[in-house]
Amino acid sequence: MTGDSIPTSDRPPVVVITGPTASGKSGLALLLAEAVGGVVINADSMQVYRELAVLTARPGAEALTRAPHRLYGVLPGSERCSAGRWRKMALEEIAACHAAGQVPLVVGGTGLYLRALERGLAKVPEIAPEIRQAARARHRDLGGAVFHAELAVRDPVMAARLSPGDSQRLIRAWEVVEATGRSLAAWQAEEGAEPPAPYRFLRITCQPPREELYAACNARFAAMAEGGALEEVRALLALALDPSLPIMKALGVPELAAHLAGEFTLDQAVFRAQQATRNYAKRQMTWLRTQGAKDRSGEAIQIAQYLESLEPKIFTIIRHFLLTG
């Protein structure tokens, strides 16, 4: 029986809280977890790695004592966490929540992960090892900017979604169009190779006004720089990991690494990292307006600006969602 064949009333509920970085997702999730007996399940592609607790704004000790949190810091940075791998872990955690009578609150801004959870995985054919190797070699030889420009000629749809610094996804898009002659976007638009998760989803989107969000991005990274982020990056570099690994591209890592190498002052590195964070938030907002709306498989509410005065309304909506099917 596929997820689509299960009556809605028989599907257990899952609350998804998404939004761009620094939009207040984690704070809202914590309040909801306390209010409804929930478990916060991470859906951020960088917060799965254990080495960057400060730089990825992972929930701290106080949050962990107030509500259970899952899939935070569960993998070493030496590994790659794909959407498929995360989906498997998330489905296990969601099933455990329901078995324990708890409410799963899936929280994060990684659109590809949420798409995989709600809609299933795209039916992309296996890519031959030699094509994978050629894609990595070409990226290494050309550099991110030129490689991105080359992808834009072959697959303008995926190139428009990705930044030149997103090496993992750029390489993936290149190898798929090389191997299949089709854009990864076209494959992802088809029915999933695995069925959608058999749950009812309520998606809450935190999307503050752009200027307020950018100010929050700037303030948060400045606080990170003063709160141990530099030491985290120094320790990460000491591991001598493959520079193509996702953790090495985390927001702030390239800039703070450049400072440690003597290329920038700390103030310059922080400024550049703040700019990169704002650009990332902008891409997330674009996804939420376009692709995110298409991906949604259940009910949805949007919060233009999260305020404490909205809590009663939000809690009422969620309690109604949990009690109805």
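Helix α8 covers residues 167-180, which makes 14 residues. From its first C-alpha to its last it reaches 20 Å, close to the 20 Å expected at 1.5 Å a residue (the expected span is 1.5 Å times one less than the number of residues). Helices (H or I, at least four residues) and strands (E, at least two) are DSSP runs, numbered from the N terminus.

This is a predicted model, where local features need pLDDT of at least 70 and side-chain atom pairs count only at pLDDT 80 or more, while totals for chains, interfaces and linings use all residues. Residues are numbered from 1 along each chain as its sequence is written, and side-chain values use heavy atoms, leaving out hydrogens and water.

Several residues of α8 are buried, including Leu170, Trp174 and Val177 (buried means under 20% relative accessible area, with a 1.4 Å probe and protein chains only). The buried residues of α8 pack against these neighbours:

| Helix | Residues |
|---|---|
| α5 | 129-142 |
| α6 | 144-154 |
| α7 | 156-161 |
| α9 | 184-188 |

After α8 comes Gly181, with a positive phi near 75°.

Now to strand β5, residues 200-206: 7 of its 7 residues are buried, so the strand is largely enclosed by the rest of the structure. Arg200, Leu202, Ile204 and Cys206 lie on one side, and Phe201, Arg203 and Thr205 on the other. Strand β1 (residues 13-18) pairs with β5 in the parallel sense over 6 bridges (pairing takes at least two DSSP bridges). Opposite Phe201 in β5 stands Val14.

Overall, the protein has 15 helices and 6 strands, and 47% of its 325 residues count as buried.

Methods. Buried means under 20% relative accessible area, exposed over 50%, partly exposed in between (1.4 Å probe, protein chains only). Contact means heavy atoms within 4.5 Å.
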